[in-house]
Amino acid sequence: MLDDPLQPVHGGADGGPEPLYDFSTNANALGPNPVILERLRRADPSRYPDPLYRGLRKALAKAHGVAWEQVAVGTGTSELIHRLARWAPLRGEVLLLAPTFGEYARAARASGLPLWEAKTPEEFLNRLPESRLAFLAVPNNPTGEVYPFLQEAAQRAGGALVLDLAYHDLLEAPLPLPEGVFRLYSPNKAHGLTGVRAGYLVGPWDLTPFQNLAPSWPVSVYGEALLWGQLEPEARAWLEATKKELFRLRRLLAAGLRGLGLRVLESPANFLLVWVGGAEEVARALRERGIRVRACTSFGLPEWLRLSAQREEAQGALLEALEEVLKEGAWAGL
Ligand SMILES: Cc1ncc(COP(=O)(O)O)c(C=O)c1O
């Protein structure tokens, strides 16, 4: 149970020893991208980056076909989400569509903003004209859903509609996105470099006051190297090549889990949900066996685990351990 609603809950590091296999974060399991890794090695940590990140923001703007003032960089999209909630023009009701990534609600609470957690797409769309700041993850975390109503949402938004594209580059078929919305990019996922903290926001208008809301130098020279590197054609080519294998691995994982008699909700990206009954208990038992998974309790889905596509050896270990754990426990009700 969570006692403090501001406590962050995520997959990945949990304070314990490193597990043998980690299915709990959705970073590209075939990473890190060697093209970007080389850039990281060449980064010069003896200097400050440009406090306005002019060269980098211009390069990102060119890639997205916008003016450089429409691009803001940050210590990761988590930081940008919190900064959005602190930005004066957007202060007002925060809207999200549950279940979804926990940082939207955390940012609203930390900034003392009213929060509306819509339970259905209809409720989300009806509430949009009144909200100042609305978040949609495309695809959604943890469900992997890709909402078919993005154009309609963009038209209805009364304030800022923010599309969080953290896993968009990992979709089997990335979709066209509406105009006039804010877009959050988190390239550390697709390139398997989540330890490098950097992300960026592209907005429909000048983001200079938003960029100035951050402390100086929110992005380190390593973060800069990541954001520059992901623009390189060789880095994109590596990503495209790994995606084919990642989707094969996700399908293999889904088939293996179904083979154990479990219900699986597959996403069109590199992760899936599996129903196990008592997610916390199963996650704990797997952790004791050296395997980390993400229990979806904090998303309001206490019976589901979220698993990312991992290499075959890891999948073999997971399926074996899961079969054992489910046999031992009464919670799965199998
Ligand atoms: C949907 C979504 N958005 C944003 C983030 C945050 O990414 P970062 O702060 O590494 O850019 C995550 C991380 O799990 C996520 O799942």
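Predicted model: local features only at pLDDT ≥ 70, side-chain atom pairs only at ≥ 80, totals over all residues.
Colleague: Happy with that! What radius of gyration does the chain have?
Modeller: The C-alpha atoms fill a box of roughly 55 × 50 × 35 Å along the principal axes. The radius of gyration is taken over C-alpha atoms, and the globule rule is 2.2 Å times the number of residues to the power 0.38. For 334 residues a compact globule would come near 20 Å, and the chain agrees, with 20 Å.

Colleague: How many helices and strands does the chain have?
Modeller: Helices (H or I, at least four residues) and strands (E, at least two) are DSSP runs, numbered from the N terminus. On that basis, the secondary structure comes to 11 helices and 13 strands.

Colleague: Nice. At what angle do the axes of α1 and α8 cross?
Modeller: Axes are lines fitted to C-alpha atoms, for helices over the stretch in contact, with angles from 0 to 180 degrees between N-to-C directions. Helix α1 covers residues 34-42 and helix α8 residues 221-229, and their axes come within 9 Å. V35, I36, R39 and L40 of α1 make the contact with Y222, A225, L226, W228 and G229 of α8 (contact means C-beta atoms, placed from the backbone, within 7 Å). The crossing angle is roughly 145°.

Colleague: What does α9 reach from its first C-alpha to its last?
Modeller: Helix α9 spans residues 233-259, which makes 27 residues. The expected span is 1.5 Å times one less than the number of residues. That expectation is 39 Å, and α9 is close to it, reaching 39 Å.

Colleague: Which elements do the buried residues of α9 pack against?
Modeller: A residue is buried if 20 or more other C-beta atoms lie within 10 Å of its own, exposed if 12 or fewer, and partly exposed in between, with C-beta atoms placed from the backbone. In α9 the buried residues include W238, L246 and L253. Their partners are α1, α8, β9, β10, β13 and α11.

Colleague: One last thing: why does G199 count as buried?
Modeller: G199 is found in strand β8, residues 199-202. Leaving aside neighbours within four places in sequence, G199 has contacts including G74, L80 and Y185. G199 counts as buried because the other C-beta atoms within 10 Å number 28.

How values were computed:
Residues numbered from 1 in each chain as written. Contact = placed C-beta atoms within 7 Å.
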